[in-house]
Amino acid sequence: MEDEVDRLVSAWRRERPDLDVEPLEVLSRVSRLARHLDRARRLAFAEHGLEPWEFDVLTALRRAGTPYQLSPGQLLTQTLVTSGTMTNRIDRLTKKGLVERLPDPSDRRGVLVRLTAEGQDRADQALAGLLDQERAILVELTRAQRGELAGLLRQLTAPFDNIPG
C-alpha cells in the first residue's frame, strides 16, 4: 500500500539522488500522523465543549487524584505554558465553573486549583471520546504492533522529555 510519503520520497529521490532522504520515510509520516491526531483530538474535545488547552488543564487536575487539585506552579510544569498563560487559563476555566481557586493551607499567599464536579465530568467524558478517536487511528495495528511502535517512539522521544531544565 502506497501513501503520500512514498510519493514524496520517490520524487525527492528522482530530483535529488545525491541526498539520503530516508529520514523523510519515518519523520514525514510522524508529522502527518500528528496532524491527523490533532484533528481527532480537537473533534473529541469539541464534542464535550472543550478546547485542547482546557482538556490539558482539566486532565492534569484529574490525574492528580482526590481531591483533584494542584498549585498553579504544578499545573505550569505539567502543561508547559508560561505563568501568565496559566493565570489566564485558570481564570477562564473558573468562569466556566470547571475549576475553583482555594487558599493553600500550607502557604498563606498561595492558591490551589481544584477540579469541580462539572470539570471532572467533562474531563472524564472528553478522555473517553479521545480514546475512541485514538483507537480508530490505531485500528490497523495488532496489539503487538502497537506495543512495538510505542517502544520505538519512546526511544525517539525520551531524550527530549528528559532534557534538564
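The model is predicted. Its secondary structure consists of seven helices and three strands. Read from the N terminus, these elements follow the order α-α-α-β-α-α-β-β-α-α. The radius of gyration of the chain is 20 Å, whereas a compact globule of 165 residues would have a value near 15 Å. Along the principal axes, the C-alpha atoms occupy a box of roughly 65 × 35 × 30 Å. The accessible surface of the chain amounts to about 11,400 Å², and carbon and sulfur atoms account for 54% of that area. Of the 165 residues, 25% are classed as buried. When contacts between residues at least 6 apart in sequence are considered, 46% of them link residues at least 24 apart.

Helix 5 takes part in two helix-helix contacts described here. In one of them, the axes of helix 3 (residues 52-63) and helix 5 (residues 83-95) approach within 11 Å and cross at roughly 90 degrees. Helix 3 is therefore roughly perpendicular to helix 5, since crossing angles of 65 to 115 degrees are assigned to that class. The contact is formed by Trp53, Glu54, Val57 and Leu58 on the side of helix 3, and by Met86, Arg89, Arg92 and Leu93 on the side of helix 5. Classified by residue type, the contact of helix 3 with helix 5 comprises five nonpolar and three charged residues, with no polar residues.

The other contact involves helix 4 (residues 72-79), which packs against helix 5 at an angle of about 110 degrees, the axes lying 10 Å apart. By the criterion already given, helix 4 is likewise roughly perpendicular to helix 5. Here Pro72, Leu75, Leu76 and Thr79 of helix 4 meet Ser83, Met86 and Ile90 of helix 5. The contact of helix 4 with helix 5 contains five nonpolar and two polar residues and no charged residues. Met86 of helix 5 is listed both in the contact with helix 3 and in the contact with helix 4.

Within helix 3 lies Thr59. The relative accessible area of Thr59 is 9%; because values under 20% define the buried class, Thr59 is counted as buried. Thr59 and Asp124 are separated by 65 residues in sequence, and their C-alpha atoms are 8.1 Å apart in space.

Technical notes. Residues numbered from 1 in each chain as written. Predicted model: local features only at pLDDT ≥ 70, side-chain atom pairs only at ≥ 80, totals over all residues. Heavy atoms only, no water. Axes fitted to C-alpha atoms, helices over the stretch in contact; angles between N-to-C directions. Helix = DSSP H or I, 4+ residues; strand = E, 2+ residues; numbered from the N terminus. Parallel < 35°, antiparallel > 145°, perpendicular 65-115°, else oblique. Contact = heavy atoms within 4.5 Å. Nonpolar A, V, L, I, M, F, W, Y, C, P; charged D, E, K, R; others polar. Rg over C-alpha atoms; globule rule 2.2 N^0.38 Å. Buried < 20%, exposed > 50% of the residue type's maximum accessible area, 1.4 Å probe, protein only. Areas by Shrake-Rupley, 256 points an atom, 1.4 Å probe, with all protein chains shown as cover.
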